[in-house]
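Here are my notes on this entry. Please read them with the model open.

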Amino acid sequence: MKKRKIAAALLTLGLSACLTAQAGITAWAEAAVSSTTGTADSTGTATTDSTTASSSAVETNDISGWPQGEDITAGSAVVMENSTNTILYSKDMDTTYSPSSAAKIMTSLLVLENCSLTAEVTMTETGVAAVTEENAHISSQIGEVFTVEQCLYAILLASANDITLQMAEYVAGSVDDFVVMMNDRAKELGCTNTVFANPTGLSDTDQYTTAYDMALIMQAAIDIEVFRTITTKVTYTIPATNMSGGARTLSTNFSLVNIATDTYFDGCIGGKVGYTQEAGSVLVTAAERDDMILICVIMYGTDGVTDDEAVTLLNYGYDNFRLEDVGASDFSVLSGGVVVLPATADESSLTTEETTDDTGVITRTYYYSGVEVGSAIVEAENIEEIDTSASETNLQAAKEYSQSHSPIPYILIAAIGIAILAFGIYSIRKILQD
């Protein structure tokens, strides 16, 4: 009986002590946490300081800290880095000129986007009408059959106007409808100063483009591997057809891909040259070195000089600029984050600006001396940083609360607990004595 009384007393004593201690701790903790709730809820995301930059459509030699490029003799030129669209070199790149046969890059792009390479094309009067002394052609005949692939080689290597017109009719049903497609596609690519009047590039007062617009067209073309394959060939042979007496061997006059020429450029991935009296010499090309693709366009140049100037501009780009992945170490970057920088500059020289579109996507744009040099898609907020900030804020608020509030209520609770404990001990002793 005595043992039961002792056990009951001990149980009562233990429960009383636990409840008392728990009440004191809970009261203090709830008071401290409640004082920090407002601060935690109002914690915002960290923002990046940004500087609104001016347009990059400027003469590049006037940019502070920008590598100085040679002033070539051509009327207009541009060098654009492919992955970021950064303009490395610009000389009157928005001035309009006749495209000459560089227009065939757009023609070929539409053929590649709308045709199978193995499909067969039969020559009609539309194409054969261009077999004249005034036109570049491959002496096609009405009823002669070529594959689309053979036609593309004829267009891009031999600049054959008979095949160009025939392919326009084949793709769109008529040359006029094909020209509509050319202009629509140019707008889709972002060209704002381009109007095509024919697919061949022959002079027309209503036909013009700019170095920058041609760079955008070339950008789309080199994204197609077949275009690169064709325009880096020096020669190509079309086997005998249903109407020809033998094979035709086509040769390019684009020297940057020909290792036998003085203007061969290692890394060139294609291009097209053209010349008319109105357009002068026109050259459009692209090259790839160290994972950086540069697109170079020269317009209204001097015949015999344009190839050398293209090599000069490409060397300028590769000698003076590099790609830098600034997003690799930034966990807020979801995609992108690659920038183009002058070879002597570093990441610390960049400024940024963030914009949010209608769907909530945040784009961070990187600038160097006011020139856009890259962009990235970033998170709306960095969860880890917010949680850490909130925790630190709560701890600091709890500390401040404990310092600013009197400890008397908690001392009183402790005293009551001690009194209950003493009563429990007294009860046990009384039971033992009985």
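1. Buried means under 20% relative accessible area, exposed over 50%, and partly exposed in between. Aspartate 330, with a relative accessible area of 25%, is therefore partly exposed. Keep in mind that this is a predicted model.

2. Aspartate 330 has a salt-bridge partner, arginine 364, at 2.8 Å from N to O. Arginine 364 sits in strand S13 and aspartate 330 in the loop between S10 and S11, so the pair ties together parts 34 residues apart in sequence. Arginine 364 counts as buried, at 7% relative accessibility.

3. Strand S13 belongs to an open sheet of 5 strands. The order is S10-S11-S14-S13-S12, and the pairing is antiparallel. Strands S10 (321–325) and S12 (350–356) are the edges, each pairing on one side only. From one strand to the next, the twist averages 20°.

4. S12 and S13 (residues 362–368) are joined by 7 bridges. Threonine 352 has tyrosine 366 in S13 as its bridge partner. Helix H10 (residues 306–320) lies across S10 and S11, at about 45° to S10.

5. The salt-bridge count comes to 8. One of them joins lysine 91 to aspartate 71, with the closest N and O atoms 2.9 Å apart. Lysine 91 is in strand S2, whereas aspartate 71 is in the loop between helix H2 and strand S1. Lysine 91 counts as buried at 16% relative accessibility; aspartate 71 counts as exposed at 58%.

6. Arginine 248 forms a salt bridge with glutamate 144. The pair ties together parts that are 104 residues apart in sequence. Both residues, arginine 248 and glutamate 144, are buried.

7. Check the network too: salt bridges link Glu113, Arg185 and Glu188.

Key: Residues numbered from 1 in each chain as written. Predicted model: local features only at pLDDT ≥ 70, side-chain atom pairs only at ≥ 80, totals over all residues. Heavy atoms only, no water. Pairing = 2+ DSSP bridges. Helix = DSSP H or I, 4+ residues; strand = E, 2+ residues; numbered from the N terminus. Axes fitted to C-alpha atoms, helices over the stretch in contact; angles between N-to-C directions. Contact = heavy atoms within 4.5 Å. Salt bridge = Lys/Arg side-chain N within 4 Å of Asp/Glu carboxyl O. Buried < 20%, exposed > 50% of the residue type's maximum accessible area, 1.4 Å probe, protein only.
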